[in-house]
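Thanks for coming. I have one structure to go through, and I will take it topic by topic.

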Amino acid sequence: QVQLVESGGGLVQAGDSLRLSCAASGRIFSIYGMGWFRQAPGKEREFVASIAWSGGSTYYADSVKGRFTISRDNAKNTMYLQMNSLKPEDTAVYYCAQDGRPYSRGTHYSESEYGYWGQGTQVTVSS
């Protein structure tokens with residue numbers, strides 16, 4: 001059974017940095033694309049970033065481009081989201097997700113492309 005466990009969230013001030021981790025288990029990690037989404041209070045869940053199964057391609061929402069970096073360590077079955085220059089509008093529950101299909105290509109902006117989700121980790125940025 002696939003499990004995705006996020007960690008690294010917390011309360012920080014504007015301008016600070018955080019690194020989120022997503023530890024995966026239950027199937028071969030290295031052949032599936034991964035993504036980060038977030039959901040702020042009262043808003044729909046939105047795409048943040050995605051990374052191809054090979055790690056060779058990454059995609060970002062415009063709102064985080066240049067501040068966030070997605071990466072993966074296939075040897076550790078773990079994906080990361082380095083978040084720098086955090087803003088209050090980055091406050092949300094952050095979810096990691098794993099592609100439903102192996103070796104898939106594309107940007108993976110859509111939630112429907114993901115087959116498994118973590119439980120989420122809260123990130124709160126104070127002004």
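**Disulfide, sheet, aromatics**

With a relative accessibility of 40%, Ser85 counts as partly exposed. Its phi is positive, about 50°, although Ser85 is not a glycine. Ser85 sits in the loop that runs between strand 8, residues 78-83, and strand 9. Before going further, keep in mind that this is a predicted model.

There is a second residue of this kind, His108. His108 is not a glycine either, and has a positive phi of about 60°. It is found in the loop between strand 9 and strand 10, the latter being residues 114-117. Is His108 buried or exposed? At 6% relative accessibility, His108 counts as buried.

Next, the disulfide. How many disulfides does the count come to? The count comes to one. The partners are Cys22 and Cys96, and their sulfur atoms are 2.1 Å apart. That is inside the cut-off of 2.5 Å for a pair of cysteine sulfur atoms. As for where the cysteines are, Cys22 belongs to strand 3, residues 18-25, and Cys96 to strand 9, residues 92-102. The two are 74 residues apart, and the pair links distant parts of the chain. On handedness, the torsion about the S-S bond of Cys22 and Cys96 is about 55°, so the disulfide is right-handed. Cys22 has 0% relative accessibility and counts as buried. Cys96 also comes out at 0% relative accessibility, and it counts as buried.

Staying with strand 3, look at Leu20. Leu20 is placed in that strand, and it is buried, with a relative accessible area of 0%. Which residues does Leu20 touch, leaving out those up to four places away in sequence? The list includes Ser7, Gly8 and Gly9, then Trp36, then Met79, Tyr80, Leu81 and Met83, and finally Tyr94, Thr121 and Val123. Take Tyr94 from that list. Leu20 and Tyr94 are 74 residues apart in sequence, and their C-alpha atoms are 8.6 Å apart in space.

In general, strands of a sheet pair through backbone hydrogen bonds, either parallel or antiparallel. Here we have an open sheet of four strands, in the order 1-3-8-7, and the pairing is antiparallel. Which strands are at the edges? They are strand 1, residues 3-7, and strand 7, residues 68-73, and each of them pairs on one side only. From one strand to the next, the twist averages 15°. As for individual pairings, strand 1 and strand 3 run antiparallel to each other over five bridges.

On to the aromatics. The count of aromatic pairs comes to seven. I will show two of them.

The rings of Phe37 and Phe47 have their centres 5.7 Å apart and their planes at 80°, so this pair is edge-to-face. The cut-off for that label is over 60 degrees between planes. Phe37 is in strand 4, residues 32-39, and Phe47 is in strand 5, residues 46-51, so the pair ties together parts that are ten residues apart in sequence. Both Phe37 and Phe47 are buried.

The other pair is Trp53 with Tyr103, again edge-to-face, at 4.9 Å centre to centre and 90° between the planes. Trp53 is in the loop between strand 5 and strand 6, residues 58-60, while Tyr103 is in the loop between strand 9 and strand 10. They are 50 residues apart, and this pair links distant parts of the chain. Trp53 counts as partly exposed, at 29% relative accessibility. Tyr103 counts as partly exposed too, at 47%.

Which residues form the aromatic cluster? Phe37, Phe47, Tyr59, Tyr109, Tyr114 and Trp117 form one cluster.

Last, charges over rings. The charged end of Arg27 sits over the ring of Tyr32, 3.5 Å from the ring centre. Arg45 lies over the face of Tyr95, with 4.9 Å to the ring centre.

That is the set. Questions are welcome.

How values were computed: Residues numbered from 1 in each chain as written. Predicted model: local features only at pLDDT ≥ 70, side-chain atom pairs only at ≥ 80, totals over all residues. Heavy atoms only, no water. Buried < 20%, exposed > 50% of the residue type's maximum accessible area, 1.4 Å probe, protein only. Pairing = 2+ DSSP bridges. Axes fitted to C-alpha atoms, helices over the stretch in contact; angles between N-to-C directions. Phe/Tyr/Trp six-rings, centres within 6.5 Å; stacked < 30°, edge-to-face > 60°. Lys NZ or Arg CZ within 6 Å of the ring centre and 35° of its normal. Contact = heavy atoms within 4.5 Å.
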